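Visitor: I have a protein model open on my screen and would like a guided look at it. Could you take my questions one by one?

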Amino acid sequence: MNPSQDHRDERTDAVLDFGAEEFYDADDLEEVDYEVDAPSTAPAAAGAGAGQDGQARTEDPYVAGGQRLQKVLAHAGVGSRRVCEQLIAAGRVSVDGVRVTEPGVRVDPATQEIRVDGSRVLTDPDVITIMLHKPAGVVTTMEDPQGRPTVAEYAERYLTEHAEQLGGVEKAAALRLVHVGRLDADTEGLLLLSNDGELTHRLTHPSYEVAKTYVAVVKGRVGAGLPRRLRRGVELEDGPITADRAVVKDVSPDASIVEVTLHSGRNRIVRRMLAAVGHPVIRLSRTRLGPLTLGDLRPGAMRALTGAEVSALQQEVGL
């Protein structure tokens, strides 16, 4: 084998082995500020306020034997107890649509809807959402008659490994995490598992489609004009499809890396799109879902979303 052939093979291997590396550039990231800047306002009298639909509410959200509202907010990660008291006093917190201005109000975090500045706060500790780096070959179903590995096995493993933090083995066993959307068996990358019904519904409903970013290793040397062609649109058998953004990340004689961002949730859409322009996919990974990024999470690894990540997802789908 001659030196030029060795160089070509090394180059191709480098393109094919993209691991868990990030394939978006620093200047592609959105700057999102999750800091709570609570004004220092003196407590006012509690009373009826405006609900999320703008209508006045007179119902009393107080629950006998419940937890103090500022404690619930602090445990949910909104801020320190002092900051949460300031948020309540400023009239920025509502419980079941009633604006509350007294920190001492007792509430039930498992059954009542609590919002800060109109955004839902997850206060039920049994509601969890985790990120899985789905490996290739794992089926995105809760069971598979063919006996292939499924994402349900990862959900069960997470609950077992975190049973103590979730309140004990029995409580963890009673929880059920389901996949949010799908990745085909050959596609790896970012997949959410959750028991948050409303968030799951909105993330999977066509009217709330969020942007998804994929990194694809494709056959052949990609030309400089490919990104423009993907953004202009490609005609498929089930209708045209356009990319929001497309970037060529690397090329070699035999394979190239292309990053594609789009909102469509159509079946195998990235694979079909790239095949239609003459570059069939060799390997495909989803690296971003809305405001979430895969980061350095390795294939098969899982982690719970942070409070800031959940808040960002909720804002993405209008919760």
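Visitor: Is R232 buried or exposed?

Guide: Happy to start there. This is a predicted model, in which local features need pLDDT of at least 70 and side-chain atom pairs count only at pLDDT 80 or more, while totals for chains, interfaces and linings use all residues. Residues are numbered from 1 along each chain as its sequence is written, and side-chain values use heavy atoms, with hydrogens and water left out. Buried means under 20% relative accessible area, exposed over 50%, and partly exposed in between (1.4 Å probe, protein chains only); with a relative accessible area of 65%, R232 is exposed.

Visitor: Which helix holds R232?

Guide: Helices are DSSP runs of H or I with at least four residues, strands are E runs of at least two, and both are numbered from the N terminus. The run that holds R232 spans residues 226-232, and its name is helix α7.

Visitor: Which residues form the positive surface patch?

Guide: Patches are made of residues with over 30% relative accessible area and no salt bridge, with like charges joined within 9 Å and nonpolar side chains (Val, Leu, Ile, Met, Phe, Trp, Tyr) within 5 Å. Lys and Arg count as positive and Asp and Glu as negative, whereas His and the chain ends are not counted. The positive patch is made up of R228, R229, R231 and R232.

Visitor: How many salt bridges does the structure hold?

Guide: Side chains of opposite charge can pair when their charged atoms come close. The cut-off used for a salt bridge is a side-chain nitrogen of Lys or Arg within 4 Å of a carboxyl oxygen of Asp or Glu. By that rule, the number of salt bridges in the structure is 16.

Visitor: D117 and R92 form one of them; how many residues apart in sequence are the parts that the pair ties together?

Guide: In this salt bridge, the closest N and O atoms are 2.7 Å apart. D117 lies in the loop between β5 and β6, and R92 in the loop between α3 (81-89) and β2, so the pair ties together parts whose separation in sequence is 25 residues.

Visitor: What is the phi of D117, roughly?

Guide: D117 sits in the loop between β5 (114-116) and β6 (119-121). Although D117 is a residue other than glycine, its phi is positive, near 55 degrees.

Visitor: And what is the phi of D96?

Guide: D96 belongs to the loop between β2 (93-95) and β3 (98-100). D96 is partly exposed, at a relative accessible area of 39%. D96 is not a glycine, yet its phi is positive, at about 50 degrees.

Visitor: How many residues apart are R271 and D184?

Guide: The side chains of R271 and D184 meet in a salt bridge, at 3.4 Å from N to O. R271 is in helix α8 (residues 269-276) and D184 in the loop between β8 (178-180) and β9 (188-194), so this pair links distant parts of the chain, with a separation of 87 residues. R271 and D184 are both buried, and the separation to note is 87 residues.

Visitor: Which backbone nitrogen does the side chain of E309 reach?

Guide: E309 lies in helix α9 (residues 307-316) and is buried, with a relative accessible area of 16%. A polar contact is a pair of N or O atoms within 3.5 Å; within protein, one must be able to donate a hydrogen and the other to accept it, and residues adjacent in sequence count only if both atoms are side-chain atoms. At 2.9 Å, the side chain of E309 reaches the backbone nitrogen of T306.

Visitor: How far apart are the C-alpha atoms of I88 and V116?

Guide: I88 is found in helix α3 and is buried, with a relative accessible area of 0%. I88 and V116 are 28 residues apart along the chain, and their C-alpha atoms are separated by 8.6 Å.

Notes:
Accessible areas come from the Shrake-Rupley method with a 1.4 Å probe; for residues, only the protein chains shown count as cover. The place of a charge is taken as NZ of Lys, CZ of Arg, CG of Asp or CD of Glu.
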